[in-house]
Amino acid sequence: MKSNPKFDIVQSTCVPLPIENVDTDQIIPARFLRATSREGFGENLFRDWRYDSNNNPIPDFPLNNPAYSGCILVAGKNFGCGSSREHAAWAIADYGFRVVISSFFADIHKNNELNNFVLPVVVSPGFLDELFKCIEENPATEVKVDLPEQTVTNLATGAKEKFDINPYKKQCLMEGLDDIGYLLSHKEDIEKWENNQR
């Protein structure tokens, strides 16, 4: 079984997507939802924005721009709205993103990202705007996301903000555990409790 990546501190350049209200059908179009495995979805992430009708890459789309790279996606407000499809989070994770930064996430998509070991970081609109500006001026701009301290830092300016995360999900990310893995990690305690109930 594929092990899940443990999450601690991520420092990386970013891919900017300064578009608001990006819905899950734009993240992964419905025609690509046939597969049941999580692998392979990354190649169709933002498919209709990345490629034209002849399947040629659209040069000015950020994921096709060689100036932008890294494992942090910086997105506009209300990211992941629309349907509840978990495949959108699969596509983001499979592409290689570890963090998505936005000023607002749709709740279901936010939880789907957490369940797929992608950290959604909510920042203030001002922090997000400054970050977009820095990346536009210098694509080599790096961001540091510190999960233990729950901080995100724009290393170009030193601006730092705290972000919230459910304590249980934080523990799962840091230990590389999904819900089943978390339960198995407490197997002895569960068995002890069950034996005491008999």
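I took a salt bridge to be a side-chain nitrogen of Lys or Arg within 4 Å of a carboxyl oxygen of Asp or Glu. With that criterion, I searched the whole structure and found two salt bridges.

**Entry 1. Conventions.** I note that this is a predicted model, in which local features need pLDDT of at least 70, side-chain atom pairs count only at pLDDT 80 or more, and totals for chains, interfaces and linings use all residues. Residues are numbered from 1 along each chain as its sequence is written, and side-chain values use heavy atoms, with hydrogens and water left out.

**Entry 2. Overall content.** I looked up the secondary structure and recorded eight helices and seven strands in the protein chain. These are DSSP runs numbered from the N terminus (helices: H or I, at least four residues; strands: E, at least two). Buried residues make up 43% of the 198 residues, where buried means under 20% relative accessible area, exposed over 50%, and partly exposed in between (1.4 Å probe, protein chains only). I then examined contacts (heavy atoms within 4.5 Å). Among those between residues at least 6 apart in sequence, 65% join residues at least 24 apart.

**Entry 3. The salt bridges.** I found arginine 85 bridged to aspartate 25, with the closest N and O atoms 3.0 Å apart. Arginine 85 is in the loop between strand 2 and helix 3, and aspartate 25 is in helix 1 (residues 24-27), 60 residues apart. Arginine 85 is buried because its relative accessible area is 17%, whereas aspartate 25, at 36%, is partly exposed.

I found the other bridge between aspartate 48 and arginine 31, with the closest N and O atoms 2.5 Å apart. Aspartate 48 lies in helix 2 and arginine 31 in the loop between helix 1 and helix 2, so the pair ties together parts that are 17 residues apart in sequence. Aspartate 48 is partly exposed at 43% relative accessibility, and arginine 31 is partly exposed at 42%.

**Entry 4. Arginine 47.** I checked arginine 47, which lies in helix 2 (residues 47-50). Arginine 47 is buried but has no salt bridge, and the nearest side chain of opposite charge, aspartate 48, is 5.8 Å away. For charge, Lys and Arg count as positive and Asp and Glu as negative, while His and the chain ends are not counted. Leaving aside neighbours within four places in sequence, I list Gln26, Pro29, Arg31, Phe32 and Asn55 as contacts of arginine 47.

**Entry 5. Threonine 13.** I located threonine 13 in strand 1 (residues 9-17); at 17% relative accessibility, threonine 13 counts as buried. Threonine 13 and serine 69 are 56 residues apart in sequence and 6.1 Å apart in space, C-alpha to C-alpha. The side chain of threonine 13 reaches the backbone oxygen of serine 69 at 2.8 Å.

Entry 6. I defined a nonpolar core as a set of buried Ala, Val, Leu, Ile, Met, Phe, Trp, Tyr and Cys residues joined through side-chain atoms within 4.5 Å. Of the 47 residues in the largest such core, Phe46, Ile72, Phe79, Ile101 and Leu119 touch the most other members. Helix 5 gives the largest share of this core, five residues.

I also followed strand 3, from which Val99 and Ile101 point one way and Val100 and Ser102 the other, all being buried. Strand 2 and strand 3 pair in the parallel sense over three bridges, pairing being assigned if DSSP finds at least two bridges between two strands. Valine 74 stands opposite isoleucine 101 in strand 3.

Conventions:
A polar contact is a pair of N or O atoms within 3.5 Å; within protein, one must be able to donate a hydrogen and the other to accept it, and residues adjacent in sequence count only if both atoms are side-chain atoms.
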